[in-house]
Amino acid sequence: MSSNKKTLFSKSWILLLAIVMLATCTGGCGNADKPSEKSNVENATSATTIATTAVETTMEDSKINYEDFLSVKMGSSLADVESILGKGIEQSSSEVSGLKTVIYQWNGTGFSNMNVTIQNDEVMGKAQVGLNDGNENVTLDMYNQVKEGMSFDEATAILGEGQLMSQAKILNMETLIYAWINSDGSNLSCTFTGNKLQMKTQTNLK
């Protein structure tokens, strides 16, 4: 990947991270007056955050790939995750209102990586960067055709399959962020909450 494309991709990923955190809070903050639910929202924000240093540094290679990322399911245990990915690196841990949350990271090739957030031995969130090379063919016209409130199936009928960047589940509400990344680094992303398009953003589409 050229230095210009790396810069574009890095900036795009930082933007995606911001969208993840905003969408997670928007999807779950409606009942923030209840302490346990507020804790879940705060922890889910952490669940979808990958260390930004991953964008700037090169990590050791491993066998982790995009298919492994998709294989990790919400609600599964740490043992289930390790049976797929092997043992991860603990990045952070916290305990709020009796809920223990630990974020583990697994490195892929180059700067690619994924993380999984475990709360009381259940997966409540996961996120990845760089595990699936951008090779889409999305345009600004396609972006403009996608409207808020569309279902996932309606959006992907226009845009194609895309790649899952993050998934988080707060109580019974699930938030998914998908991205479509062209080979030149231009991209778009869509945030789905409750199977409805809540937010979209694009960078350098033509």
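Two strands pair if DSSP finds at least two bridges between them, and the legends below use the word in that sense for this predicted model.

**View 1. Strand β6 and its pairing with strand β7.** Strand β6, residues 173–181, is mostly covered, with 7 of its 9 residues buried. Strand β7, residues 187–193, pairs with β6 in the antiparallel sense over 7 bridges, and within this pairing Thr 175 has Thr 193 of β7 as its bridge partner. The hairpin of β6 and β7 has 5 residues between the strands, and there Gly 185 takes a positive phi near 95 degrees.

**View 2. The hairpin of strands β5 and β6.** Strand β5, residues 163–170, runs antiparallel to β6 and is joined to it by 7 bridges, while Gln 163 finds its bridge partner in Ala 179 of β6. This hairpin leaves 2 residues between its strands, and Leu 171 in the turn has a positive phi of about 55 degrees.

View 3. The structure holds 6 aromatic pairs. One of them is formed by Tyr 66 and Phe 69, which are stacked at 6.2 Å centre to centre with 25 degrees between the planes. Because these two residues are 3 residues apart in helix α4, residues 66–71, about one helical turn separates Tyr 66 from Phe 69. Both Tyr 66 and Phe 69 are buried.

**View 4. An edge-to-face pair between strands.** Tyr 178 and Phe 192 form an edge-to-face pair, 6.5 Å centre to centre and with 80 degrees between the planes. Since Tyr 178 lies in β6 and Phe 192 in β7, the pair ties together parts that are 14 residues apart in sequence. Phe 152, Tyr 178, Trp 180 and Phe 192 form one aromatic cluster.

Note on methods:
Residues are numbered from 1 along each chain as its sequence is written. This is a predicted model: local features need pLDDT of at least 70, side-chain atom pairs count only at pLDDT 80 or more; totals for chains, interfaces and linings use all residues. Side-chain values use heavy atoms; hydrogens and water are left out. Buried means under 20% relative accessible area, exposed over 50%, partly exposed in between (1.4 Å probe, protein chains only). Helices (H or I, at least four residues) and strands (E, at least two) are DSSP runs, numbered from the N terminus. Rings of Phe, Tyr and Trp (its six-membered ring) pair if their centres lie within 6.5 Å; planes under 30 degrees apart count as stacked, over 60 as edge-to-face and the rest as tilted.
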